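Welcome, and please get your viewer ready.

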Amino acid sequence: MDLAPLPDIYRRAPFAEDCAPRRLLRLFSGKWTTMILHTLHLSGGASRPGQLQRNIPGLSKKMMTQTLRGLEEMGLVSRKILQVMPPAVEYRLTALGRQFIEPLEMLYRWGAEHAALLDRVEQNAAMAERQAFTPA
């Protein structure tokens with residue numbers, strides 16, 4: 001994968017509060033943000049909450065609701081009340097939200113292609129945690 005080099009401003013510290021890397025980290029810092037965006041994308045851009053929750057094991061209803069509200073406030077997803085009986089809700093990626101799918105998919109693809117590296121990181125973290133709790 002050939003990427004254009006970063007602009008010089010992002011190649012040396014200090015990194016300003018409003019720099020692009022920090023803004024991206026803030027945007028995607030929520031535990032479930034990227035998974036919800038990814039799952040909506042895989043669902044054709046829209047999903048009802050129950051389906052969304054079934055597709056993301058470990059995601060509680062409370063965290064799903066909080067994350068979806070935040071994504072809605074940022075303009076990345078929209079909430080639509082369907083006129084059926086009983087009324088139902090559907091969440092959709094907005095045009096702005098769809099713009100963030102490509103970099104997420106690139107990151108997820110990298111993770112899939114480098115699963116062994118991720119395994120090593122997790123093993124290192126587990127080993128460090130065990131050593132922290134082992135009496136000397």
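Start with everything shown: the protein has a radius of gyration of 19 Å, whereas a compact globule of 136 residues would have one near 14 Å (taken over C-alpha atoms, with the globule rule being 2.2 Å times the number of residues to the power 0.38). The C-alpha trace spans about 60 × 45 × 30 Å along its principal axes. Keep in mind that this is a predicted model, where local features need pLDDT of at least 70 and side-chain atom pairs count only at pLDDT 80 or more, while totals for chains, interfaces and linings use all residues. Residues are numbered from 1 along each chain as its sequence is written, and side-chain values use heavy atoms, without hydrogens and water.

Next, switch to cartoon and colour by secondary structure: you have seven helices and three strands (DSSP runs numbered from the N terminus, helices being H or I of at least four residues and strands E of at least two). From the N terminus, the order is α-α-β-α-α-β-β-α-α-α.

Now colour by burial: 25% of the 136 residues count as buried (under 20% relative accessible area, with a 1.4 Å probe and protein chains only).

Which residues touch the most other members of the largest nonpolar core? Select Ile36, Leu37, Leu40, Leu52 and Val77, out of 19 residues in that core (buried Ala, Val, Leu, Ile, Met, Phe, Trp, Tyr and Cys joined through side-chain atoms within 4.5 Å). Helix 2 (33–42), helix 4 (61–73), strand 3 (88–93) and helix 6 (101–113) each supply at least two residues of this core.

Finally, centre on Val77: leaving aside neighbours within four places in sequence, its contacts include Leu37, Leu40, Leu68 and Tyr91 (heavy atoms within 4.5 Å).

Key
Buried < 20%, exposed > 50% of the residue type's maximum accessible area, 1.4 Å probe, protein only.
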